[in-house]
Amino acid sequence: MSHLFYQSKSPRPFLERGEGIYMYDVNGRRYLDGSSGAMVSNIGHSNPAVLAAMRAQMDKSTFGYRLHFQTEASEALATKTAELSPRGLDRVFFVSGGSEAVESALKMARQYKLAIGQGSRFKVISRMPSYHGSTLGALAVTGYDPLTVPFAPMMHEMPKIPAPRAYLDGLDINDPATGLHYANMLEQKIIEEGPETVLAFILEPVGGASTGALVPPAGYMQRIREICDAYDILLIHDEVMSGGGRTGKFWGADHWGTVPDIISISKGFGGGYVPLGAMIARGDMVEAVLETGGFQHGHTYAGNPLACAAGLALIGEIESNNLIANAACMGDLLKARLKGLMNRYPFIGDVRGKGLLLAFELVSDRVTMEPLAAGLSAYQRLVDIAYDEGLIIYSRRTRGGLNGDHFLVCPPMIIGEDGIEEIMQGLTRALDKFAAEAGLDVDS
Ligand code: PMP
């Protein structure tokens, strides 16, 4: 018996090592990391430059408590992060993961509004479905019942609006009327709640695990910004998954050019080398908070030099190897190939995403978008079958009148055409086996 307990659905072998886009278990089996873990290992495994930077930092110091020392590594990473951030967002607060980055964003928003005399504002509107983290504050803005319901009495209930899942509502994602339709739901909700009580709106610019790489419809992001401005509500972009280049731009929201007030980032920021995340806020907001006695928030390991040295080297690798351009280009290729699978598998209802943040969704009927029968446990079975075929993908099932089983295909940004071909071969074998097992039709 293992003394560790996670939510592991089926036992997995011990990991030996990772290299590039591959991982190897202790039995010598090779797996293509088609989901970069949980959309984390953006520059692949065992990058020599990142490892060298970590070794060099380890020889100097691995920890200096942030209230006792500044460190060159954290200063340098903060400067670089600010340079990469949209205009006006130039103050950086380091943390050790995505939930911490979101908690920090929520608390920064609240403390800023308190600092400027708007203490009546505390509600954070978010979307259903969405995922913003597992700590109680981040969970309160998460729209995913299986995770939130058990803890409901321990959280303040936060208002939700539907995520813009145009493909389920039969609306055209390219029609600006679609964007307006969903974005205006935010305005309705603000009015319903009382604008003077609303603090912020949080969204994932390109959706993550909860929506399966949901891309906002035309005009949506711009209209959301307008509404937030009109009601003096802060806009938080949760770029924990979409930030860092995976979508083919450094920030997911760069595809629409909209600028939030606060950003959270994590997964690809530490890239699987170190636990690292950040909350980035507008300079004037931070100044207002500092003037009222400081930001009442912090985590012990935040800003530790080892994590920051790794994070800085990781951004260096992304830049020197043009990995964001590669993510855009390989993402287009992979998306086209995934769309091609729809000819063979009538039970693939949708393929979506940006860059290498891609997903496909399985349905029992492509016209009605009815999900597959829950008893098939597709989200679990297909992942297990693919794993046996040496391909790692990531899945979620969102039920309760929401959507069905979706699968994220998000390989590291270093992937080339050969890697894409290998993913497609593994996926085709896995889908064939799954279809045979589930009794689903395949067109040959
Ligand atoms: N926000 C988003 C958009 C995420 O995808 C995640 C992780 N899946 C989180 C927050 C929470 O990050 P972590 O698991 O590192 O706490």
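Residues are numbered from 1 along each chain as its sequence is written. Because the model is predicted, local features need pLDDT of at least 70 and side-chain atom pairs count only at pLDDT 80 or more, while totals for chains, interfaces and linings use all residues.

**Exercise 1. Domains**

Task: State the domain assignment of the chain, and describe the side of domain 1 that touches domain 2.

Solution. 
1. Domain 1 covers 15-46 + 322-438, and domain 2 covers 50-320. These bounds come from an automatic or database domain assignment.
2. Taken over C-alpha atoms, the centres of domain 1 and domain 2 are 25 Å apart.
3. In the contact, 35 residues of domain 1 meet 33 residues of domain 2; two residues are in contact if their C-beta atoms, placed from the backbone, lie within 7 Å.
4. On the domain 1 side, at least two residues each come from α1 (36-39), α13 (323-344), β11 (348-354), β12 (357-365), β14 (394-397) and β15 (405-409). Helices (H or I, at least four residues) and strands (E, at least two) are DSSP runs, numbered from the N terminus.
5. The most is given by α13, with 5 residues.
6. By class, this side of domain 1 has 18 nonpolar, 12 polar and 5 charged residues. Ala, Val, Leu, Ile, Met, Phe, Trp, Tyr, Cys and Pro count as nonpolar, Asp, Glu, Lys and Arg as charged, and the others, Gly among them, as polar.

**Exercise 2. Helix pairs**

Task: Describe how α2 packs with α12, how α8 packs with α9, and how α14 packs with α15.

Solution. 
1. Two packed helices are described by the angle between their axes and the distance between the axes. Axes are lines fitted to C-alpha atoms, for helices over the stretch in contact, and angles run from 0 to 180 degrees between N-to-C directions.
2. For α2 (residues 48-60) and α12 (residues 305-320), the angle is about 150° and the axes are 8 Å apart. Therefore α2 is roughly antiparallel to α12. Angles under 35 degrees count as roughly parallel, over 145 as roughly antiparallel, 65 to 115 as roughly perpendicular and the rest as oblique.
3. The α2 and α12 crossing is right-handed. A crossing is left-handed if the near helix is turned anticlockwise from the far one by less than a right angle, and right-handed if clockwise.
4. From α2, A49, V50, A53, M54, Q57 and M58 meet P305, L306, A309, A310, A313, L314, G316 and E317 of α12. This contact holds 11 nonpolar, 2 polar and 1 charged residues.
5. For α8 (residues 176-193) and α9 (residues 220-230), the angle is about 25° with the axes 8 Å apart, so α8 is roughly parallel to α9. The crossing is right-handed.
6. The α8 residues in this contact are G179, L180, Y182, A183, L186 and E187, and those of α9 are Y220, R223, I224 and I227. They divide into 7 nonpolar, 1 polar and 2 charged.
7. The axes of α14 (residues 378-388) and α15 (residues 417-438) come within 9 Å and cross at roughly 130°, so α14 is oblique to α15. This crossing is right-handed.
8. R381, L382, I385 and A386 of α14 meet G426, L427, A430, K433, F434 and E437 of α15, giving 6 nonpolar, 1 polar and 3 charged residues.

**Exercise 3. Ligand shell**

Task: Which of the 16 residues around the ligand come nearest?

Solution. 
1. A residue counts as near if its C-beta atom, placed from the backbone, lies within 6 Å of the molecule.
2. G97, G98, S99, G208 and V240 come nearest.
3. Helix α4 (residues 98-115) supplies the largest share of the shell, 3 residues.
4. The shell divides into 6 nonpolar, 8 polar and 2 charged residues.

**Exercise 4. Backbone exceptions**

Solution. 
1. Most residues other than glycine have a negative phi, and most peptide bonds are trans.
2. The bond joining M128 and P129 is cis, with omega about -5°. P129 lies in the loop between β5 (123-128) and α5 (136-140).
3. S36, not a glycine, has a positive phi of about 50°. S36 is in helix α1.
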